[in-house]
Amino acid sequence: MVREPGLSVRLKLTLTYAGFLMLAGALLLAAVWAFLLRYVPDRAMLIVPDGIDDGVFPVRSVLLRTFAPRAGVVLLVLLIFGLAGGWLLAGRMLAPLTRITDATRLAATGSLSHRIRLPGPSDEFRELADGFDTMLARLEAHVSEQQRFAANASHELRTPLAITQTLLDVARNDLNSDNRVLVDRLRAVNNRAIDLTEALLLLSRADQRSFTPEPVDLSLLVEEAVETLLPLAEKRGLTIEVSGGIAMADGSRALLLQLTTNLLHNAIVHNLSDHGTVWITTGVRSGTAELVVENTGEELSLRLVATLIEPFQRGAERTRTDHGGVGLGLAIVNTIARAHGGSLALMPRIGGGLRATVHVPAAR
């Protein structure tokens, strides 16, 4: 943005300091005149008593001729002192602002690792510098996350395309191959690419927070998700136990249903191979609607659990299944929770498995 050149803040402060100092001096001299000199008579009769050879009785005109030049000198000294002192004082006060400006210019060039770290006690400039440092840290983390996400998404999308290209090349070189087998394989690869694309679109939609909040009962969403995924749980020999009560949340029904379904699907596919259990609990706690999904499974380390909300992190140490998904399930859950002003917390269960707790603002 192009702006017209103007006076610097330092010069403006200097002129302001000097102006106030001149005004104070002028008021002081005016007070001397108003309350002292004007009561001195302009004419006086001097009677010298006997024995006194000399004596002076000043009159107003004499005092004024003596006072005016010296008052002008005083005002000139105040002007010089105000300009010099104001310039030095303004420079000292604005020094932190110069550091903040330099850091801003560095950030504008793409350098997000620089921090101001302004020393000294807390004041307005240091609060501004600390806030700017915090913004830079979050922005740097967000940019790094977006770069990792873009790289991972490109890799994940390239995989089905490469498989499709390989299958087509094999079919073209082998004209006697069974086209039905080829079509089935291409259909499976295409379905994976579609699932990944839909998951990316859902993740983007949730991150944009483009929805109108409405009261939603999480317990009803749990029932709907259980009804949808019950055949998959029965196929794997798992038991789903639902408990708790009504939990009215304020948000998007479609997104919260997706959140619930993803958590339940994750608990089913990353479970024991047989006779596993999934526990789902809903309720209201401390003004927030709570959804807790627990499942049996392999022992998980805290280090592994901390990475599960990262996009495309499927948990290499977890039980491998044929429904491993595209690696965005918990990332979508975390994004939906944050889009609703809530949070997702993951903790390993004692004895194996995972405990996922979602808190979103409760409906009024």
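This is a predicted model: local features need pLDDT of at least 70, side-chain atom pairs count only at pLDDT 80 or more; totals for chains, interfaces and linings use all residues.

**Entry 1: a pair of helices.** I noted that α5 and α6 are oblique to each other, because their axes cross at roughly 40 degrees, and angles under 35 degrees would have counted as roughly parallel. Helix α5 covers residues 218–235 and helix α6 covers residues 253–269. Their axes come within 9 Å. I also looked up the handedness: α5 passes α6 in a right-handed crossing.

**Entry 2: who meets whom?** Which residues in α5 meet α6? I found Leu 218, Leu 221, Val 222, Glu 224, Ala 225, Val 226, Leu 229, Leu 232 and Ala 233 on the α5 side. From α6 come Arg 253, Leu 256, Leu 257, Thr 260, Thr 261, Leu 264, His 265, Ile 268 and Val 269. I sorted the residues of this contact into 13 nonpolar, three polar and two charged.

**Entry 3: Arg 117.** Next I turned to the backbone. Arg 117 has a phi near 50 degrees, which is positive, and Arg 117 is not a glycine. I located Arg 117 in the loop between α2 (60–108) and α3 (124–173). Is Arg 117 buried or exposed? Its relative accessibility is 61%, so I wrote down "exposed"; the cut-off is over 50%.

**Entry 4: Ser 286.** Where does Ser 286 lie? I found Ser 286 in the loop between β4 (277–285) and β5 (288–295). Ser 286 counts as exposed because its relative accessibility is 74%.

Methods. Residues are numbered from 1 along each chain as its sequence is written. Side-chain values use heavy atoms; hydrogens and water are left out. Axes are lines fitted to C-alpha atoms, for helices over the stretch in contact, and angles run from 0 to 180 degrees between N-to-C directions. Helices (H or I, at least four residues) and strands (E, at least two) are DSSP runs, numbered from the N terminus. Angles under 35 degrees count as roughly parallel, over 145 as roughly antiparallel, 65 to 115 as roughly perpendicular and the rest as oblique. A crossing is left-handed if the near helix is turned anticlockwise from the far one by less than a right angle, and right-handed if clockwise. Contact means heavy atoms within 4.5 Å. Ala, Val, Leu, Ile, Met, Phe, Trp, Tyr, Cys and Pro count as nonpolar, Asp, Glu, Lys and Arg as charged, and the others, Gly among them, as polar. Buried means under 20% relative accessible area, exposed over 50%, partly exposed in between (1.4 Å probe, protein chains only).
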